[in-house]
Amino acid sequence: MIPHFKIAAAGLVLSAVLAAGACSKSEEAKTPAAPAAAAPAVNGDVARFKIGSLEAISLRDGGLTVPNDNKVLGIGRTPEEVAAVLTGAGAPGDTISLSIQPLLVRTGERLVLIDTGVGTGMGGAGGKLQASLTAAGVDPAEITEILISHSHGDHVGGLVGADGSLLFPNAVIRIEANEWDFMRANPELKAVSDAILPKVQVFRYGSEVAPGITAVEIAGHTPGHSGFEIVSGAEKLLYIGDAMHSSIISVQKPDWQIQFDNDAPVATASRIALDERAAANNLRLYGYHFPYPGVGRIEKTGDTYRWVPEAAPAN
């Protein structure tokens with residue numbers, strides 16, 4: 001999400017595929033809400049929870065802090081305007097904290113990792129994924145599939161080691177076709193994309209990329225930015241990638257522009273649509289950059305949306 005290999009980040013549009021998704025807005029409105037899921041059980045850098053019968057684990061990779069300087073989040077707004085939103089939610093007004101947490105899902109005999117964290121990049125902002133996997137009792141060689149939401153450094157940096165070796169040697173790596181072209185054209189990512197080339201399989205939106213997991217278009221951030229809808233029985237969870245970054249600003253002020261979006265107007269429309277759809281349909285979401293462990297819902301009170309986590313962040 002934030003630059004390494006000169007990488008920017010973020011964004012999303014709930015376009016036709018996502019709007020149609022598993023069902024349309026009107027269909028969802030008629031569908032009774034699923035029973036409330038149990039909040040994740042957090043133990044250090046590992047948070048276990050369920051999606052229906054599926055086992056899921058939020059794995060902490062790290063975090064970063066960006067300044068409130070109207071150059072990152074809230075472009076065109078004054079630092080005072082941004083600070084008012086942050087402090088109104090009980091956060092510091094001078095900086096914005098963002099978490100980094102890939103998601104692991106066990107579906108049948110498959111062990112699916114969604115995004116891979118920072119790896120050795122970004123000046124030590126992340127790089128804890130391998131240790132978090134060990135803490136969770138998972139050998140990287142056991143992972144069968146890796147799903148990539150998009151090709152920014154804090155999402156693909158953990159695919160390879162400092163020596164260029166594959167850190168998940170037995171995993172197929174799935175990425176949207178346009179996003180793969182975008183990644184291959186980025187000279188800053190040449191070493192990574194060359195290393196993973198034999199393992200890559202591209203997909204199109206609407207494809208089932210692993211059992212119970214469907215790729216959905218969430219446009220505006222990068223040319224092939226993808227969300228993933230994970231379904232088991234009556235329960236579902238939408239992995240939003242970099243559709244939103246801050247659980248405060250992105251949710252409460254979705255129309256505010258951010259630095260990392262490839263197509264700012266489209267990404268803005270996506271955030272607005274995500275707020276509306278998530279609140280109207282009580283969607284369970286996974287925010288890659290939201291406070292750890294990143295699981296919760298968006299609620300609307302009056303004209304304001306807010307993030308409601310299922311569990312308080314660790315620490």
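**Ground rules.** I am working on a predicted model, in which local features need pLDDT of at least 70 and side-chain atom pairs count only at pLDDT 80 or more, whereas totals for chains, interfaces and linings use all residues. Residues are numbered from 1 along each chain as its sequence is written, and side-chain values use heavy atoms, with hydrogens and water left out.

**Entry 1, the eight-stranded sheet.** I took strands (E, at least two residues) and helices (H or I, at least four) as DSSP runs numbered from the N terminus, and I called two strands paired if DSSP finds at least two bridges between them. Eight strands form an open sheet of mixed pairing, in the order S1-S2-S3-S7-S8-S9-S10-S11. Strand S1 (41-43) and S11 stand at the edges with a single partner strand each, so one side of each has no neighbour in the sheet. Neighbouring strands here are turned by 25 degrees against each other on average, direction ignored.

I then followed S3 to its partners. Strand S2 (residues 46-51) pairs with strand S3 (residues 54-59) in the antiparallel sense over six bridges, and alanine 47 has serine 58 in S3 as its bridge partner. The hairpin of S2 and S3 has two residues between the strands, and glycine 52 takes a positive phi near 60 degrees there. S3 also pairs with strand S7 (residues 103-107), again antiparallel, over four bridges, with valine 105 in S7 as the bridge partner of alanine 56. Counting a residue as buried under 20% relative accessible area, exposed over 50% and partly exposed in between (1.4 Å probe, protein chains only), I find five of the six residues of S3 buried, so this strand is largely enclosed by the rest of the structure.

**Entry 2, the seven-stranded sheet.** Seven strands form another open sheet of mixed pairing, ordered S12-S13-S14-S15-S17-S18-S19. Its edge strands are S12 and strand S19 (304-309), each pairing on one side only. Helix H9 (residues 264-281) packs on this sheet, touching strand S14 (226-232), S15, S17, strand S18 (295-301) and S19, and its direction makes about 95 degrees with that of S18. For this I used contact as heavy atoms within 4.5 Å, and axes as lines fitted to C-alpha atoms, for helices over the stretch in contact, with angles from 0 to 180 degrees between N-to-C directions. Strand S15 (residues 235-239) and strand S17 (residues 285-286) pair in the parallel sense over two bridges, and leucine 238 stands opposite leucine 285 in S17.

With a salt bridge taken as a side-chain nitrogen of Lys or Arg within 4 Å of a carboxyl oxygen of Asp or Glu, a search of the whole structure finds 14. Which residue does arginine 174 bridge to? The partner is glutamate 145, with the closest N and O atoms 3.3 Å apart. Arginine 174 lies in strand S10 (residues 172-176) and glutamate 145 in strand S9 (residues 145-147), so the pair ties together parts that are 29 residues apart in sequence. Arginine 174 is buried at 16% relative accessibility, and glutamate 145 is buried at 4%.

Glutamate 176 and arginine 204 also meet in a salt bridge (3.8 Å, N to O). Glutamate 176 is in strand S10 and arginine 204 in the loop between strand S11 (200-203) and strand S12 (208-210), 28 residues apart.
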